[in-house]
Amino acid sequence: MNAPPYVLLYTDEAVKVIDDLQSPQYAVKLKKVRKALRLLELQGPRYPGLHSHEYQSIRGPGGAPVWESYVENKTPSAWRIWWIYGPEQDQITIVTIGPHP
């Protein structure tokens, strides 16, 4: 967990979500997701607009903490990015992206 920039890795589930957003009807949502991912990569999770915090409901592989960062705020079913640190230093693995449960 060093300083940004980070290398972002994606699970198959996260890639599928991004692929599904390629449709023109989701253009605005895709733009927001890409911006949040870019901020996570270049500015890091501590960037204030991402509101990153540990997600208490689930654990990652080997009991690793899962983190949540905002794509949207103050909107119904606001979207989030769930991620974990690693597997290597300076890497973040995007677990999934979607509406806040």
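**A close look at the sheet**

A: Start with Arg 80, which stands opposite Gly 98 in strand 5. This is a predicted model, so local features need pLDDT of at least 70 and side-chain atom pairs count only at pLDDT 80 or more, while totals for chains, interfaces and linings use all residues. Residues are numbered from 1 along each chain as its sequence is written, and side-chain values use heavy atoms, with hydrogens and water left out.

Strand 4 (residues 79-85) and strand 5 (residues 91-99) pair in the antiparallel sense over seven bridges. Strands (E, at least two residues) and helices (H or I, at least four) are DSSP runs numbered from the N terminus, and two strands pair if DSSP finds at least two bridges between them.

Now zoom out: five strands make an open, mixed sheet in the order 1-5-4-3-2. Strand 1 (7-10) and strand 2 (53-59) sit at the edges with a single partner strand each, so one side of each has no neighbour in the sheet. Neighbouring strands are turned by 40° against each other on average, direction ignored.

Helix 1 (residues 12-20) packs on this sheet, touching strand 1, strand 4 and strand 5, and its direction makes about 50° with that of strand 5. Contact means heavy atoms within 4.5 Å; axes are lines fitted to C-alpha atoms, for helices over the stretch in contact, and angles run from 0 to 180 degrees between N-to-C directions.
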